[in-house]
Amino acid sequence: MSKENLISKLLKDYDSALNHSGVNGERLGHRLAMLSEIGATADGGVNRPGFSAEEKLAKEQVKVWMKDAGLKVWEDGAGNVFGRLSGLADSIPAVASGSHVDSVPNGGNFDGPLGVLAALEVVEAWKYTGYRPQRPFEVVIFSDEEGARFNGSLTGSMSLMGTIDLEKQLQLTDFNGDSFEEVLEKYGTSLDDLKKASSHKKDIGLFVEVHIEQGKRLEKAGLPVGIVSGIAGPCWLEIIFSGKAGHAGNTPMNDRKDALVAAGEFVVAVETLPEKVSSTAVATVGKLSVHPNGVNVIPGEVSLFADIRDIYENTRDELVSLVTEKANSIAQTRGMEVSIKVNTSVKPVPIDESIQKKLEKAFLENQIEPMRLPSGAGHDSMVLGEEIPVGMIFVRSKDGISHNPKEWSSLNDCVISVHVLKSFIESL
Ligand SMILES: [Zn+2]
């Protein structure tokens, strides 16, 4: 979408009564539109891979706004950008808020930029009203959140937290065949400087992120924003059913070990298991390959992936056990072998009840019903939440569409997220 189209669409239904307490929806809308021009694609999306010239340009644009707002601005060796407003008590760890400005290939205009610009809008509002926060406040842009460059995400936030696996990272090459180290150098930093990024971790006491929901829960509830109750950590099981291939015409039905029938039974069973552990758990079989995959051949082997998630580690692991038991019992009943391997396991990050309660108060102050909902996708908050308290505010996504040029959140909803973010930070 061109900048003009995006801004006119954003402003069309904007309720200017939301411009109060120093928050200005037109400014937020114009900034979203200006970032949408950087790496713009033909069908209205954006292409801003991590560490690309486009990601860098978007950061440079935000830095200009940060400086205009009176923030002290710097970039660390991982390409993370910080804009700091000193607090009345400046020696205590800061409250930080932000997100990312990189995108997936042909991604949308809200995933990432909204979180950065919402945090900046809070500073703009304070500047207007003369408010000074007790604690220092930092607006943050994390590098390479989406991982479009190396198929590994959250590079910036993991560098800040010192949890990045550099051994693994150094083996990666991007879509141009460049190594991680080469990409860093082309961007203008180095591996040594990236390693120093974690020295700032101790200065951050709490992180709060505004992000689009990328789902339909808020839309279904008719609510503009919601409180994230926890961030689900995925566990990927790679499961292989090994039966016996054979001729589809010459093998009688009572003499078969059809791996696809076993896999089919498994897929149907997986759908019924999450509700046995919690209301937030989910499980999906999204990738499956059949061998030998011939029209007239009984499938001898099926390999598949089960993606299992929940916001609590104990119920997530309970679900992993149930899925594993199910695969084993199906294979046993059908007299075939099954192998099960944990391919990826990321710890879920529950969000402190005390933070959710404070967010609830901020919602009520702004006359918004405080609905809680889990985050099924990973975010920079998940990485920071392993060590420091985090909060997350979700903004309604039209039709739940994301990672797509059609991604949409109304300016009204975006501005409401700024108001609740501001009330929350002021309450700390
Ligand atoms: Zn995002």
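Which residues in helix 3 meet which residues in helix 4? From helix 3 come Val62, Trp65, Met66 and Asp68. Helix 4 answers with Val116, Leu117, Leu120, Glu124 and Lys127. Keep in mind that this is a predicted model.

Helix 3 covers residues 53-68, and helix 4 covers residues 113-129. Angles under 35 degrees count as roughly parallel, so helix 3 is roughly parallel to helix 4. The crossing of helix 3 and helix 4 is left-handed. Sorted by class, the contact of helix 3 with helix 4 has 6 nonpolar and 3 charged residues, and no polar ones.

Three protein donors surround the question of the zinc ion: His100 through NE2, Asp111 through OD and His211 through NE2. They lie 2.0 to 2.2 Å from the zinc ion. Along the sequence, the spacing of the donor residues reads H-x10-D-x99-H. Asp111 and His211 link distant parts of the chain, 100 residues apart. Asp111 sits in the loop between strand 3 (94-100) and helix 4. His211 belongs to strand 5, residues 204-212.

Next, the sheet. Strands of a sheet pair through backbone hydrogen bonds, either parallel or antiparallel. Here, 4 strands form an open sheet in the order 9-11-7-12, and the pairing is antiparallel. Strand 9 (282-291) and strand 12 (337-345) are the edge strands, each pairing on one side only. From one strand to the next, the twist averages 20°. Within the sheet, strand 7 (residues 233-242) and strand 11 (residues 301-310) run antiparallel and are joined by 10 bridges. Ile240 stands opposite Ser303 in strand 11.

Two helices pack on this sheet. Helix 10 touches strand 7, strand 9 and strand 11. The direction of helix 10 makes about 170° with that of strand 9. Helix 12 touches strand 7, strand 9, strand 11 and strand 12. The direction of helix 12 makes about 5° with that of strand 7.

How do these two helices meet each other? Helix 10 spans residues 259-272, and helix 12 spans residues 313-333. Their axes come within 10 Å and cross at roughly 150°. An angle over 145 degrees counts as roughly antiparallel, so that is how helix 10 and helix 12 run relative to each other. Their crossing is right-handed. Helix 10 makes the contact with Ala262, Glu265, Phe266, Ala269 and Val270. On the side of helix 12, the contact residues are Val323, Lys326, Ala327 and Ile330. The contact of helix 10 with helix 12 has 7 nonpolar and 2 charged residues, with no polar ones.

Helix 13 (residues 353-365) and helix 15 (residues 411-426) have axes that come within 8 Å and cross at roughly 125°. Helix 13 and helix 15 are therefore oblique to each other. Their crossing is right-handed. Ile355, Lys358, Leu359, Ala362, Phe363 and Glu365 of helix 13 make the contact, together with Val420, Ser423 and Phe424 of helix 15. By class, the residues of this contact divide into 6 nonpolar, 1 polar and 2 charged.

Methods: Residues are numbered from 1 along each chain as its sequence is written. This is a predicted model: local features need pLDDT of at least 70, side-chain atom pairs count only at pLDDT 80 or more; totals for chains, interfaces and linings use all residues. Side-chain values use heavy atoms; hydrogens and water are left out. Axes are lines fitted to C-alpha atoms, for helices over the stretch in contact, and angles run from 0 to 180 degrees between N-to-C directions. Angles under 35 degrees count as roughly parallel, over 145 as roughly antiparallel, 65 to 115 as roughly perpendicular and the rest as oblique. A crossing is left-handed if the near helix is turned anticlockwise from the far one by less than a right angle, and right-handed if clockwise. Contact means heavy atoms within 4.5 Å. Ala, Val, Leu, Ile, Met, Phe, Trp, Tyr, Cys and Pro count as nonpolar, Asp, Glu, Lys and Arg as charged, and the others, Gly among them, as polar. Two strands pair if DSSP finds at least two bridges between them. Donors are N, O and S atoms within 2.8 Å of the metal (3.2 Å for Na, K and Ca); water is not among the atoms, so sites may look incomplete.
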